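Here is a walk through one protein model, helix by helix and then by its charged pairs. Please keep the viewer open as you read.

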Amino acid sequence: MATEFFKRHQCGQQWTALEMPDIVRLTLQGKVTLEECRMLNEAHLEYGKDVPYFFYLIDLTTLEDLPPAVRKEASETVKLLPLRGTVVKNAPLRAKVLARLLLTAANLFRRGPEANPLVFVDTEEEAHAWYAKRRQQVSGEAAA
């Protein structure tokens, strides 16, 4: 069964899409440029207007580099997004380090239902199982 996307954007070499009800897919490859980062940020801010919150599903399999200026720009936007969790799939060690660098600063002051935990998985099935648990946490914490 093919996945249907509510919205999708090609941003240079990078790609992102909103999969309903609440997953933003993001594939980063090669060396991400500042221009690509800005296009991705605009798309994600737009997605944030369509859903109350979302989760990232990021594929960094072929990521080569996130330069410091790109990490800074992305981190500033992540602070504005209604993110409730980030899953990085199939990432080599260098990509894991870059993802952790980017998200640690952005998540510094998020707590409770606003938190954006970072998880690394090998498969999409693991990601979806984690999303199911996290959705329960988010709805339970928001109700409390």
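The paragraphs below take up the helices, then the surface, then the salt bridges.

The model is predicted: local features need pLDDT of at least 70, side-chain atom pairs count only at pLDDT 80 or more, and totals for chains, interfaces and linings use all residues. Residues are numbered from 1 along each chain as its sequence is written, and side-chain values use heavy atoms, with hydrogens and water left out.

Start with helix 1. Helices (H or I, at least four residues) and strands (E, at least two) are DSSP runs, numbered from the N terminus. Helix 1 has 17 residues. From its first C-alpha to its last, helix 1 reaches 25 Å, close to the 24 Å expected at 1.5 Å a residue. The expected span is 1.5 Å times one less than the number of residues.

Which residues of helix 1 are buried? They are Glu 36, Cys 37, Leu 40, Asn 41, Ala 43, His 44 and Tyr 47. They sit on the same side of helix 1, because they cover an arc of only 170° around the axis. Buried means under 20% relative accessible area, exposed over 50%, and partly exposed in between (1.4 Å probe, protein chains only). The arc is that of the directions from the helix axis to the C-beta atoms. An α-helix has 3.6 residues a turn, so residues three or four places apart point the same way.

The buried residues of helix 1 pack against strand 1 (7–11), strand 2 (14–19), strand 3 (23–27), strand 4 (30–31), strand 5 (54–59) and helix 2. Contact here means heavy atoms within 4.5 Å. On the other side of helix 1, Glu 35, Glu 42 and Lys 49 are exposed. Take Glu 35: its relative accessibility is 58%, so it counts as exposed.

Leaving aside residues up to four places away in sequence, Ser 75 touches Leu 102, Ala 105 and Ala 106.

Now turn to helix 3. Its 14 residues should span 20 Å at 1.5 Å a residue, and its end C-alpha atoms are 20 Å apart, which agrees. Ala 95, Leu 98, Ala 99, Leu 102, Leu 103 and Ala 106 are its buried residues. They cover an arc of only 115° around the axis, so they lie on the same side of helix 3. Their cover includes strand 6 (63–65), helix 2 (68–78), strand 7 (83–89) and strand 8 (118–121).

Helix 3 (residues 93–106) also holds Leu 101. Leu 101 is partly exposed, at 48% relative accessible area. With Leu 93 and Val 97, Leu 101 makes a nonpolar surface patch of about 310 Å². Patches are made of residues with over 30% relative accessible area and no salt bridge; like charges are joined within 9 Å, nonpolar side chains (Val, Leu, Ile, Met, Phe, Trp, Tyr) within 5 Å. Accessible areas come from the Shrake-Rupley method with a 1.4 Å probe; for residues, only the protein chains shown count as cover.

How many salt bridges does a search of the whole structure find? It finds nine. A salt bridge is a side-chain nitrogen of Lys or Arg within 4 Å of a carboxyl oxygen of Asp or Glu.

Arg 25 forms a salt bridge with Glu 124, with the closest N and O atoms 2.6 Å apart. Arg 25 lies in strand 3 and Glu 124 in helix 4 (residues 124–143), so the pair ties together parts 99 residues apart in sequence. Arg 25 counts as buried at 12% relative accessibility, while Glu 124 counts as partly exposed at 24%.

Glu 124 also meets Lys 89 in a salt bridge (3.2 Å, N to O). That pair links helix 4 with strand 7, 35 residues apart. Lys 89 counts as buried, at 17% relative accessibility. Salt bridges that share partners join Glu 19, Arg 25, Lys 89 and Glu 124 into one network.
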